[in-house]
Amino acid sequence: MLVIYKIARSNIVKLTPYLSARKLGGTGDIWLNANESPNGLDSKMIHKNLNRYPEPQPKQIILNYARYSKIRKNQILITRGADEGIDLIIKTFCELGGKDSIISCPPTYDMYGISAQIYDVENRIIPMLPDGQLNLKKIQHYLKTSKIIFICRPNNPTGHVINKSSIIDIIHYAVDKALIVIDEAYIEFCMQDSLASLIEMYPNLVILRTLSKAFGLAGLRCGFILANEVIINLLHKVIAPYPISTPVSDIANEALHHTNIIKMQNIVSKINFSRNYLYSELKKIDFVQHVFPSHANFILIRVLKVQQVFQYLSQKGIIIRNQSDKVNLQGCLRISIGSQKECLQLISVLKKFSRILK
Ligand SMILES: *Cc1c(COP(=O)(O)O)cnc(C)c1O
């Protein structure tokens, strides 16, 4: 066994891998821990021609996604989820083996740091300020010698949207030095905040998108990188030859048909309505100390007795995600917005717990 460790790269032996909601597991019937949609697409596809390799970058998906995101078709790369996008960008732009670095600004999505570690690229951590905005002075300083900054917008797990003006400032300082990667995994929940239209203007801006969240297709594994053509062409050299399987391609096309986009937008409106309802109900619960205003399909709360709250919900079959181990999030739990019925059950269980505490 340990001989194998000598053969493996030492940073992989040392690596603590990403702990996905699925790996954490749990038992229950209300799953609110992975920001999945309560509604999926009922696919009508029958898959044919599986003896043939798929199109490497299916044209029809590119055309549909270009129309949906109002950008040009040569500004898009289809990936196996946004997670592959993160990996590809680091692999394409960073010198491996401890020479280069990325910047991440926690509390945020963990995969930026983990993907960097896999390539032995340093992850420079510049925590957000107490108001949730970016530490621009420090970022400006470190950007002189970093290749990429990852910014999640709206941010997972807090749900807030970092100021557009800070992003523009960062794009300007980094213009000839670094890429600014904006992770828009949750952008459909606040579409007016998308920065996709800016890729036309800024050669160092990259945007990550996915079908996993608002489109309700986490099981499909399909995402997108949006950037100018020069960046997209570099990424083309690195991506696997056939990353998108034929069934994925067929279903992604179906999901991007305009009638299904309208369905998705209706589901997003319902989820945003439920989130606003939860926000006001959670504020009334006495062991809830703070409810973070969210623009995504989840809501973060800070509570007293975090472990007990988590356990109680779990006993009642409601699985959420504890975020207490993250920078500045002691006592925080993240709750995905489920169906309207699930939201009502959640509030009722929390109220019961509140009576038990008294
Ligand atoms: C869920 C999530 C992803 C991963 O998306 P996939 O397309 O499912 O790989 C990326 N970034 C953030 C911020 C996420 O929350």
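The model is predicted: local features need pLDDT of at least 70, side-chain atom pairs count only at pLDDT 80 or more, and totals for chains, interfaces and linings use all residues. Residues are numbered from 1 along each chain as its sequence is written, and side-chain values use heavy atoms, with hydrogens and water left out.

The ligand is surrounded by 13 residues, of which Ala82, Asp183, Tyr186, Thr210 and Lys213 are the closest; a residue is near a molecule or strand if one of its heavy atoms lies within 4 Å of it. Polar contacts are pairs of N or O atoms within 3.5 Å; within protein, one atom must be able to donate a hydrogen and the other to accept it, and residues adjacent in sequence count only if both atoms are side-chain atoms. A nitrogen atom of the ligand lies 2.6 Å from a polar side-chain atom of Asp183. An N or O atom in the side chain of Thr210 is 2.5 Å from an oxygen atom of the ligand, and a polar side-chain atom of Arg221 lies 2.7 Å from an oxygen atom of the ligand. On its own the ligand has 390 Å² of accessible area, and the protein covers 94% of it. Accessible areas come from the Shrake-Rupley method with a 1.4 Å probe; for residues, only the protein chains shown count as cover.

The structure holds 10 aromatic pairs. Rings of Phe, Tyr and Trp (its six-membered ring) pair if their centres lie within 6.5 Å; planes under 30 degrees apart count as stacked, over 60 as edge-to-face and the rest as tilted. One of the pairs, Tyr65 with Phe224, is stacked, at 3.7 Å centre to centre and with 10° between the planes. Tyr65 belongs to helix α4 (residues 59–69) and Phe224 to strand β8 (residues 223–227), so that the pair links distant parts of the chain, 159 residues apart. Helices (H or I, at least four residues) and strands (E, at least two) are DSSP runs, numbered from the N terminus. Both Tyr65 and Phe224 are buried, where buried means under 20% relative accessible area, exposed over 50%, and partly exposed in between (1.4 Å probe, protein chains only). Tyr18, Tyr109, Tyr112 and Phe150 form one aromatic cluster.

In α4, the residues Ile61, Ile62, Asn64, Tyr65, Ala66, Tyr68 and Ser69 are buried. The buried residues of this helix pack against β2 (76–79), β7 (205–210), β8, α10 (246–255) and α11 (258–283). Lys70, which follows α4, has a positive phi near 55°.

The loop between β5 (148–152) and α8 (164–173) includes Pro154, and Pro157 is found in this loop as well. The peptide bond from Arg153 to Pro154 is cis, with omega near -5°. A cis peptide bond also runs from Asn156 to Pro157, with omega near 15°. Asn156, in the loop between β5 and α8, is buried at a relative accessible area of 6%. The side chains of Asn156 and Tyr186 are joined by a polar contact of 3.4 Å. Leaving aside neighbours within four places in sequence, Asn156 is in contact (heavy atoms within 4.5 Å) with Asn35, Pro107, Thr108, Tyr109, Tyr186, Phe298 and Arg334. Arg334 lies over the face of Phe298, at 5.8 Å from the ring centre; a charge sits over a ring if NZ of Lys or CZ of Arg is within 6 Å of the ring centre and within 35 degrees of the ring normal.

Ser294 is located in the loop between β9 (288–291) and β10 (298–303). Its relative accessible area is 9%, and Ser294 is therefore buried. The side chain of Ser294 reaches the backbone oxygen of Phe298 at 2.6 Å. Apart from neighbours within four places in sequence, Ser294 is in contact with Gly159, Arg275 and Ile299. A separation of 8.2 Å lies between the C-alpha atoms of Ser294 and Val161, which are 133 residues apart along the chain.
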